[in-house]
Amino acid sequence: MLRRLTASVPIVHKLYFTFSVNEEYKIQILNRLKQIKHSDSHKDIVSNGYVENLSIDQDGRVIIDLKLDQDYRKMKALCSDALKQFEWIKNLDIRMAPKKENVFTQANTQKRGNLQNVKKIIAVSSCKGGVGKSTIALNLTFSLQKLGFNVGIFDADVYGPSLPTLIGKEKQQLYAPEDKPKEILPIEFNGVKTMSYGYASGNQKAIIRGPMVSSIVVQLVQQTQWQNLDYLVVDMPPGTGDIQISLCQELNFDGAVIVTTPQRLSFIDVVKGIEMFDVLKVPTLSVVENMAEYVCPDCNHVHRPFGQGYMNMLQKQFGIATAVSIPLYGDISKYSDLGSPVVLTLPEDHTINNIYRQLANNVVHELSRSDLTKTPTVRYDTGKRVIIIRDFDGKEKPIKSVELRSKCNCALCVDEFTGRRLNQNQQLDQEVYPYKIEPKGNYAVAIVWSDGHRSSIYPYKRLWSDEIIEHKS
Ligand code: ADP
């Protein structure tokens, strides 16, 4: 129906007719709504950001979401009135915008059972087994302890509990405190409280699967007397399936460290991992690339048997703040097998210790960031025709749509591994604009453009950087 009504509407783009027509209609509506002032403010409802969503379909159905609590009814009436003049609106639906909690605000406030006095819970996760996840979880725990924190580690990897072996406590009996028979005393090692399914199972893997496993693991961690801890590190079972998801939901992780190796397939896995935590509203604090390089003990030559890896790309694409790389180092394996964690065994100034110290510092720093749970907003200003990123302090950066569209780093635009831009000769529509802007976790937005292209990810960090040129009006 809208197409028939377009005679008086200038068509800006020939190619993307429907979008352009929509765009013009949106501008008409917004200009009209700009004449409505909100009683609490001298500004109009559009400039005040009360119009959260505006969509128009081909049949002349207009949906407007108003971000208002108190004056919603009054404003709805004023808006309906103001838009009466547009005959092409066949169906006007003005709704109260659903309250959006900041994506991370619900997380991490509720900790149950004996986790109530644990300040921060960190998941150490990988998509595959054998990449060094348990070794890294354990050495991260001791590195956090060396920074002066009270820490514990929980081995939730029921399908391959390795903590008992890694600290030489394979034949360990578990005890309940006399006054609380339903609770379990953790096993202490070097001042760190530890718990593993392996203690209870005599180091055997779980043979049950599915929801039972999750409930056993959750019960074990909640019944352990952790007492007051600054950090509890959880060595997750590998993968991104049901058990990982229920652990995330039950334990309310404050952040995750993702462990990977430099092969291409691992990159795909790590993306899956980041996305899983993202969906579950757990920020990824750091990515650890394990066994990426090997330093020859005779000539000190650095070998990278799996190539350059993809850490830069991960940081670029997902805006992961920190990443560390741990080399393949024989002593890590040797001391692990002896039940002596490498960071407690090697000299303090050893490269491996320095890397783990850096990882621990990164984790502490990321978790202490007051803005970890706050995300900037990215919106399209239809009037000014620019995309605006706005941080929580009110700082704004306007960006021309075509500038951002031309700098899309998705797999169709940039070769994942060489970083080479693939579509240099493509003629971009200079009037392109975002059709949909979708937040991705606390680190980025994805954009669907009016030319049909989907830009998978623009990390906020990148939007603020000089690489994306600010539009000066
Ligand atoms: P996951 O928990 O991912 O299954 P583990 O932590 O059990 O992996 O590690 C698998 C094996 O790799 C172990 O024998 C461990 O000692 C060894 N390992 C882990 N990281 C390194 C490293 N950086 N250098 C040498 N060996 C390592």
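Buried here means under 20% relative accessible area, exposed means over 50%, and partly exposed covers what lies in between, with a 1.4 Å probe and protein chains only. The views below come from a predicted model, where local features need pLDDT of at least 70, side-chain atom pairs count only at pLDDT 80 or more, and totals for chains, interfaces and linings use all residues. Residues are numbered from 1 along each chain as its sequence is written, and side-chain values use heavy atoms, with hydrogens and water left out.

**View 1. Arg385 in its loop.** Arg385 sits in the loop that joins β14 (377-381) to β15 (386-390); helices (H or I, at least four residues) and strands (E, at least two) are DSSP runs, numbered from the N terminus. Although Arg385 is not a glycine, its phi is positive, at about 60 degrees. Arg385 counts as partly exposed because its relative accessibility is 26%.

**View 2. Asn190 in its loop.** Here the loop runs between β6 (187-189) and β7 (192-196), and Asn190 lies in it. Asn190 is not a glycine, yet it has a positive phi of about 50 degrees. With 45% relative accessibility, Asn190 counts as partly exposed.

**View 3. Backbone atoms facing the ligand.** A backbone N or O atom of Gly130 lies 2.7 Å from a ligand oxygen atom, and one of Val131 lies 3.0 Å from a ligand oxygen atom. For Tyr329, a backbone N or O atom lies 2.9 Å from a nitrogen atom of the ligand. The protein covers 80% of the 560 Å² of accessible area that the ligand has on its own, as given by the Shrake-Rupley method with a 1.4 Å probe.

**View 4. The largest cavity.** This cavity has a volume of about 70 Å³. Its lining includes Ser126, Cys127, Lys128, Val131, Asp269 and Val270. Both β9 (255-260) and α8 (264-279) supply at least two lining residues each. By class, the lining has five nonpolar, four polar and two charged residues.

**View 5. The second largest cavity.** About 30 Å³ of space lies in this one. Its lining is made up of Ser134, Leu138, Ile153, Asp155, Ser162, Leu163, Leu166 and Asp235. At least two of the lining residues come from each of α3, β5 (151-155) and α4 (163-166).

Grid points are joined across faces, edges and corners, and a volume is the space filled by probe spheres set on the points.

**View 6. Glu403 in α13.** Glu403 lies in helix α13 (residues 401-406). Its relative accessibility is 14%, so Glu403 counts as buried. The side chain of Glu403 reaches the backbone nitrogen of Ile469 at 2.7 Å.

How values were computed
A polar contact is a pair of N or O atoms within 3.5 Å; within protein, one must be able to donate a hydrogen and the other to accept it, and residues adjacent in sequence count only if both atoms are side-chain atoms. On a 1 Å grid over the protein atoms alone, a cavity is a set of points where a 1.4 Å probe fits but cannot get out, and a pocket is an open set with protein on both sides within 12 Å along at least five of seven lines; lining residues have an atom within 4 Å of a point. Ala, Val, Leu, Ile, Met, Phe, Trp, Tyr, Cys and Pro count as nonpolar, Asp, Glu, Lys and Arg as charged, and the others, Gly among them, as polar.
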